[in-house]
Amino acid sequence: MAVTEHSLQALRTAGLADVDPEIAGLLGKELARQRSQVELIASENFTWPSILEAVGSVATNKYAEGYPGKRYYGGCEVVDEIETIAIERAKRLFGAEHANVQPNAGSATNMTVYMAMLQPGDPILALRLDHGGHLTHGHRVNFSGKLYDVKHYGVSRETMRVDYDEVLALAKEHRPKMIVCGGSAYPRTVEAHRFREIADEVGALLLCDMAHFSGLVAAGEHPSPVPHCDFVTSTTHKTLAGPRSGFVLCREEYAAAIDKTVFPGLQGGPLMHAIAAKAACFGIAMTQAFRDYQRQVRANADALAAGLIANGREVLTGGTDTHLVQVDLRNARWTGKDAEERLEQVNMTANRNTVPFDERPPTVASGVRLGTPAMTMRGFGTEDFTEVAAIIADLLSEEGGDVAALAGRTDALLAKHPLYPGFQGWPTYVTTG
């Protein structure tokens, strides 16, 4: 069986490799996979060793329903300090009036805002999923599309950027109670100030979902939506490079409604180990080293986009303002699905993605979404990403390139920048994997 027999006394001190070598072995394989791939999924990152330590800490043992100083359990004096630090750091980092750091995921942050401020059936205006939005921005299979009357704006067919005249016209037509900006596959700056003007004109609340670019905001590499929005939501595991989780920022007037919706409205006891990791994540994001990292994320994205274009591949909007590059394959031999599978053959991980006005279904798609945070964390610079672009361009050429030769070039890049080199804080199965 997967779990080996041990005495109760032995279990009190045994490590995972002793108790469950099957799972330990699979975790070792996952680390080996991460080390052997050029990770280009825009929503993924390699977090700091310190964050891994916090996520695996004893704070996972503590139940702490409620908020600091107002818990429904005893023994919360230490986790109260942890959560308070996380809240204060989030507010300071983003210049926010209020922060709730308890949501377990990005989807939960958007659900929180909707449920705090809207009633089922209320109108929302948000970016279409196939134009770069997110499932929680009103897709019909998601809770947001089922509970609310969501209308969608898109991008211009000519520029592939948000058409603010269209947003205003739709807002006047549908009179939404909330407008949502931001998305998961939009490579250009989210101009929150322009959405604010539109929201004010129709009397709507404004939510920015900055899950993808919050690390850039923290480092000053993307304009902050916080001054212009009633609510700002984010994950912590994308460009912020923290644990897999989320948080909500809002104006003080909405603080009580947001807090009450998170608990007891949507969640019970918060994940205190994740909140400890968020506190550390926000602390790291205040440093010059983090700002340097984000500056490199941006430079690498520009190098990736420029390299793809120089080698004959089409890039949506002709470039990027963020960490994200969308390869447009509508005029190519390959589909998005083809591209994802071919990239895997040369040890690169990415995901197929629809492009605006895509005639292929999402399971096939006409684009592939690429991001630079993970490999920048690993140490890649602009020259490395220029080489990544050249490999991808050759692989997705009409001829298809020499897969074996291109895989060798990928492996050479990986060898230059090992992942978590020499880290000794994990069990043996990881450090020797």
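The model is predicted, so local features are described only where pLDDT is at least 70, side-chain atom pairs count only at pLDDT 80 or more, and totals for chains, interfaces and linings use all residues. Residues are numbered from 1 along each chain as its sequence is written, and side-chain values use heavy atoms, with hydrogens and water left out.

Helices (H or I, at least four residues) and strands (E, at least two) are DSSP runs, numbered from the N terminus. Two strands pair if DSSP finds at least two bridges between them.

An open sheet of seven strands has the order E4-E10-E9-E8-E7-E5-E6, and its pairing is mixed. Strand E4 (98–100) and E6 stand at the edges with a single partner strand each, so one side of each is left without a neighbour in the sheet. On average, neighbouring strands of this sheet are turned by 20° against each other, direction ignored. For such angles, axes are lines fitted to C-alpha atoms, for helices over the stretch in contact, and angles run from 0 to 180 degrees between N-to-C directions.

Take a look at strand E5 (residues 123–127), where five of the five residues are buried. Buried means under 20% relative accessible area, exposed over 50%, and partly exposed in between (1.4 Å probe, protein chains only). Isoleucine 124 of this region has valine 150 as its bridge partner in E6, and methionine 178 as its bridge partner in E7. Further along the sheet, isoleucine 179 stands opposite leucine 206 in E8.

Here are strand pairs from both sheets of this report:

| Strand pair | Sense | Bridges |
|---|---|---|
| E5 and E6 | parallel | five |
| E5 and E7 | parallel | two |
| E7 and E8 | parallel | four |
| E11 and E12 | antiparallel | two |
| E12 and E15 | antiparallel | five |
| E14 and E15 | antiparallel | three |

## Helices around this sheet

Helix H6 lies across E5, E7, E8, strand E9 (231–235) and strand E10 (246–250), running at about 160° to E9. Helix H8 also packs on the sheet: it touches E5, E6 and E7, and its direction makes about 155° with that of E6.

How do H6 and H11 pack, and at what angle? Helix H6 (residues 106–117) and helix H11 (residues 255–266) meet at an angle of about 110°, with their axes 9 Å apart. That makes H6 roughly perpendicular to H11, a label for angles of 65 to 115 degrees (under 35 counts as roughly parallel, over 145 as roughly antiparallel, and the rest as oblique). Residues making the contact include Met111 and Met115 of H6 and Ile258 and Thr261 of H11. Contact here means heavy atoms within 4.5 Å.

Which residues of helix H9 are buried? In H9 (residues 192–202) they are Ala192, Phe195, Arg196, Ile198, Ala199 and Val202. They cover an arc of only 170° around the axis, which puts them on the same side of H9; the arc is that of the directions from the helix axis to the C-beta atoms. The buried residues of H9 pack against strand E6 (149–153), helix H8 (164–174), strand E7 (178–181) and strand E8 (205–209). On the face turned away from the buried side, H9 carries the exposed residues Glu197 and Asp200. Just after H9, glycine 203 takes a positive phi of about 70°.

## The four-stranded sheet

Another open sheet has four strands in the order E11-E12-E15-E14, with antiparallel pairing. Its edge strands are strand E11 (314–315) and E14, each pairing on one side only.

Are the faces of E12 covered or uncovered? Both are covered: Leu324, Gln326 and Asp328 on one side and Val325 and Val327 on the other are all buried. In general, side chains in a regular strand alternate between the two faces of the sheet. Valine 327 is the bridge partner in E12 of valine 315, and valine 368 is the partner of valine 327 in E15.

Helix H13 (residues 288–310) lies across E11, strand E12 (324–328) and E15, running at about 15° to E12. Helix H14 (residues 336–345) lies across E14 and E15, at about 165° to E14.

Finally, threonine 354 is found in the loop between strand E14 (351–353) and strand E15 (367–371). At 13% relative accessibility, threonine 354 counts as buried. Leaving aside neighbours within four places in sequence, threonine 354 is in contact with Asp130, Gln326, Pro362 and Ala365.
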